[in-house]
Amino acid sequence: IAGTITLTPFAGCVKPQRQKRGDADMQKKERFTARKLAIVGLLSALVFVSSWMQIEVGPARFHLGNGFCALAGLLFGPLTGGLAAGFGSMLFDLTNPAYISGCLITFATKFVIGYLAGLVAHKGPVSTKKDILGTLAGSVAYIVLYMAKSFVEMYWIEGQAMGAVQVRLVAKLSASCVNAVVALVVATLLAAALRPALHRAKILA
């Protein structure tokens, strides 16, 4: 009987403790999710705004958007960077009648910039060398995808003559290479400048 009396309150004490630990874990996961969503939202807004910082020369468009796509990945890793790059760029397309029809393709191609930049930069300790390689990887992959998409769109969908398609592809490639160089400079310099402050603010782990 005595054993039963001492065991019952002991068992009753264990359950609330386990429940409290479960509640704490659940709250921690919820905070983590909300924080990640907030970061993705903020970075998407930066990508969107930077995409409007542009100069149009004929069919070519020079802008800062790709630099911030890569920056998102350099600072916060592949998935967060990829989502921010994709959503921010897709939102830009949705606000421009000339690009609305290709907004989903834009999401996919710009996602690649942020994802690859973050994937390379976050393999082991971060460094300027990895930032450069990551930005280059993302930019080159984007150019390949963008040129392939442009060729299919102009030649197969619009039915343009091959000569006209080649001329436009050369112009697009030239602009894309310039944007890649701009992205490399913008992303690597800003990443080096912002990381210390973000670490001090405990935004970066």
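A residue is called buried here at under 20% relative accessible area, exposed at over 50%, and partly exposed in between (1.4 Å probe, protein chains only). Helices (H or I, at least four residues) and strands (E, at least two) are DSSP runs, numbered from the N terminus. The model is a predicted one, in which local features need pLDDT of at least 70 and side-chain atom pairs count only at pLDDT 80 or more, while totals for chains, interfaces and linings use all residues. Residues are numbered from 1 along each chain as its sequence is written, and side-chain values use heavy atoms, with hydrogens and water left out.

The protein chain contains 6 helices and 2 strands. Read from the N terminus, its elements follow the order α-β-β-α-α-α-α-α. Of its 205 residues, 36% are buried. The accessible surface of the chain is about 12,000 Å², and carbon and sulfur atoms account for 72% of it; these areas come from the Shrake-Rupley method with a 1.4 Å probe, and for residues only the protein chains shown count as cover. Contact is taken to mean heavy atoms within 4.5 Å. Among contacts between residues at least 6 apart in sequence, 67% join residues at least 24 apart.

Helix α2 covers residues 65–76. Its 12 residues reach 17 Å from the first C-alpha to the last, close to the 16 Å expected at 1.5 Å a residue. The expected span of a helix is 1.5 Å times one less than its number of residues. Because 12 of the 12 residues of α2 are buried, the helix is largely enclosed by the rest of the structure. These buried residues are Gly65, Asn66, Gly67, Phe68, Cys69, Ala70, Leu71, Ala72, Gly73, Leu74, Leu75 and Phe76. After α2 comes Gly77, with a positive phi near 95°.

Helix α5 (residues 128–157) has 30 residues, and the distance from its first C-alpha to its last is 42 Å, close to the expected 44 Å. Buried positions in α5 include Asp131, Gly134, Thr135, Gly138, Tyr142, Ile143 and Tyr146. The buried residues of α5 pack against α2, α4 (103–121) and α6. Gly159 follows α5 and has a positive phi, near 70°.

Helix α6 runs through residues 162–200.

Val182 and Gly65 are 117 residues apart in sequence, and their C-alpha atoms are 9.5 Å apart in space.

Thr188 is a further residue of α6. It is buried, with a relative accessible area of 12%. Not counting residues up to four places away in sequence, Thr188 touches Leu74, Asp131, Ile132, Thr135 and Ala183. Its side chain also reaches the backbone oxygen of Leu184 at 2.5 Å and that of Val185 at 3.4 Å. A polar contact is a pair of N or O atoms within 3.5 Å; within protein, one must be able to donate a hydrogen and the other to accept it, and residues adjacent in sequence count only if both atoms are side-chain atoms.

Lys202 is found in the segment after α6. Most residues other than glycine have a negative phi. Lys202 is not a glycine, yet its phi is positive, about 60°. At 68% relative accessibility, Lys202 is exposed.

With a disulfide defined as a pair of cysteine sulfur atoms within 2.5 Å, the count comes to 0 disulfides. Cys103 is buried at 11% relative accessibility, whereas Cys177 is partly exposed at 36%.
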